Amino acid sequence: MAVIPCRASSARSSSGRVPAIRGAADQKVRVRYNCAFFQEALQNVALKVSQNPTVRKAAFLAMNTLWAIPAIAEEAEEKGKIFDFNLTLPIIVAEFLLLMLALDNLWFKPVAKVMDERDEAIRQKLMGVRDNSDEIKKLQEQAEAILKAARAETTAELNKMRRETAASLDAKLQESRQRVEKELAEALANLESQKEETLRSLDKQVQELSDQIVAKVIPF
Amino acid sequence: MQIEQLQIFEIDNPHQVSSVEVHAQVLITSWVVIALLIALPVVATRNLQTIPTGLQNFIEYVLEFIRDLTRTQMGEEEYRPWVPFIGTMFLSIFVSNWSGALLPWRVIQLPHGELAAPTNDINTTVALALLTSVAYFYAGLHKRGFSYFGKYIQPTPVLLPINILEDFTKPLSLSFRLFGNILADELVVAVLVSLVPLIVPVPMMLLGLFTSAIQALISATLAAAYIGESMEGHH
């Protein structure tokens with residue numbers, strides 16, 4: 001049966017098997033690989049399997065491929081392969097998480113606080129400005145109302161004045177008309193009386209004239 | 001150029017079954033990235049003022065950018081808790097890539113391997129992709145409970161295998177996109193530098209800066225998009 005090729009446990013003795021690219025110096029530490037435990041378990045399985053011929057063949061093939069893999073891996077590992085995953089991976093995970101905590105507390109939280117406070121202050125100031133414009137509108141409305149009231153007052157006053165002057169003018173007109181009529185009536189009355197007088201005087205003169213005529217005409 | 005590992009663990013116990021290895025060059029460069037990313041806000045938040053100037057202006061701009069990115073992908077109501085995650089994703093990838101391209105790592109000679117961007121290692125990119133996967137699963141389960149699994153049969157149950165496959169291809173594509181871009185750029189620049197070190201590699205390096213910045217943006221945007229998609233519900 002195949003024997004598992006286990007690497008020797010001594011550090012310095014296996015330095016000859018390692019290619020020169022590794023460069024085994026004395027300070028370099030070596031990897032140990034102990035597989036005696038595996039060897040025993042697999043030999044037990046092999047015993048059980050060797051009863052059945054087909055299974056034995058399949059096991060033979062499987063075993064050979066299985067033994068080939070560590071050898072290939074060992075070779076590739078010593079060449080410095082591109083895809084070797086090792087403890088670096090979890091270490092990087094841990095580093096990333098610690099970095100995330102540190103950055104959150106040192107950078108993101110304080111700077112976010114300052115930025116948010118600034119935004120809040122600006123928003124407050126903007127709100128304040130908007131309230132002032134409301135007040136201004138109210139004041140404007142008040143001013144307009146006052147103006148309207150004043151205008152209404154003045155027009156009312158104006159109308160009153162007009163009416164009053166018209167009334168006084170009318171009164172004066174009436175007065176003068178009455179005076180004129182009175183004087184006219186007086187003048188007419190005067191004329192009438194003068195006419196009466198002249199008529200009377202005429203009558204008297206006519207009487208005198210007629211007396212004179214009679215006196216002259218009738219000689220006695 | 002080879003990406004070799006520094007083996008820094010020794011296991012003396014003869015009953016140990018497997019080996020434990022670490023890519024120490026990735027750890028070293030990632031520590032430098034972390035140091036840069038922590039030093040920046042510590043210096044900049046010394047004296048925060050209402051009217052920002054200089055460095056405070058810059059970090060506020062970066063935070064505004066990250067918030068906008070997250071809000072675009074996840075919507076106005078639920079983007080707030082995820083800003084740290086997406087921000088750290090974006091900033092770590094961005095600073096990693098640019099540190100690999102801009103800092104003179106070659107000055108420090110290691111006995112084995114080289115220092116370069118930490119994202120040129122498959123472990124880093126797969127770690128970030130797995131974190132994104134876990135994040136969007138957590139987001140979906142936290143928001144919708146077990147009805148989150150209803151999304152697998154969402155448009156029609158015929159698409160169930162494709163939806164399940166999507167859960168594997170999402171982290172795969174995230175990790176390989178970033179890994180391939182960064183590693184390939186580094187390799188090309190290294191080859192050009194080894195051939196004609198003077199002027200010729202410079203356009204390639206500038207292109208590398210541009211594409212690595214885009215990759216950081218894409219990784220963060222896609223992470224936010226996956227999280228937003230798993231929180232929102234119907235397609």
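In what order do the elements of chain B run from the N terminus on? The answer is α-α-α-α-α-α, and the secondary structure of chain B comes to six helices and zero strands. Helices here are DSSP runs of H or I with at least four residues, strands are E runs of at least two, and both are numbered from the N terminus.

A word on the ground rules before we go on. This is a predicted model, in which local features need pLDDT of at least 70 and side-chain atom pairs count only at pLDDT 80 or more, while totals for chains, interfaces and linings use all residues. Residues are numbered from 1 along each chain as its sequence is written, chains are lettered from A and ligands numbered from 1 in the order in which they are written, and side-chain values use heavy atoms, with hydrogens and water left out.

Let's stay with chain B. Of its 235 residues, 46% are buried, where buried means under 20% relative accessible area, exposed means over 50% and partly exposed lies in between, using a 1.4 Å probe and protein chains only. Chain B exposes about 11,900 Å², with carbon and sulfur atoms supplying 70% of it; such areas come from the Shrake-Rupley method with a 1.4 Å probe, and for residues only the protein chains shown count as cover. Taking contacts in chain B (heavy atoms within 4.5 Å) between residues at least 6 apart in sequence, 62% join residues at least 24 apart.

An unreviewed UniProt entry places the feature "transmembrane region" at several spans of chain B, including residues 22-43 and 122-141. UniProt positions follow the numbering used here, feature names are shortened, and annotations may be inferred rather than shown by experiment. In the model, residues 22-43 of chain B are 91% helix and 0% strand, and their end C-alpha atoms lie 32 Å apart. Residues 122-141 of chain B are 100% helix, with end C-alpha atoms 28 Å apart.

For a closer look, find B:Ala129 in helix α4 (residues 122-144) of chain B. B:Ala129 is buried, at a relative accessible area of 3%. Leaving out residues up to four places away in sequence, B:Ala129 touches B:Pro171, B:Leu174 and B:Ser175. B:Ser175 is 46 residues away along the chain, yet the two C-alpha atoms are separated by 5.4 Å.

Chain A has three helices and zero strands. Buried residues make up 16% of its 220 residues, and its accessible surface comes to about 17,600 Å², of which 62% belongs to carbon and sulfur atoms.

Now to where the two chains meet. Helix α3 (residues 88-217) of chain A packs with helix α1 (residues 24-44) of chain B at an angle of about 5°, with the axes 10 Å apart. Axes are lines fitted to C-alpha atoms, for helices over the stretch in contact, and angles run from 0 to 180 degrees between N-to-C directions. That makes α3(A) roughly parallel to α1(B); under 35 degrees counts as roughly parallel, over 145 as roughly antiparallel, 65 to 115 as roughly perpendicular and the rest as oblique. By class, this contact has 16 nonpolar, two polar and one charged residues.

The axes of α3(A) and helix α3 (residues 83-102) of chain B cross at roughly 110° and come within 9 Å. These two helices are therefore roughly perpendicular to each other. Among the residues of α3(A) in this contact are A:Phe96 and A:Trp107, and α3(B) brings residues including B:Phe85 and B:Met89.

Conventions:
Ala, Val, Leu, Ile, Met, Phe, Trp, Tyr, Cys and Pro count as nonpolar, Asp, Glu, Lys and Arg as charged, and the others, Gly among them, as polar.
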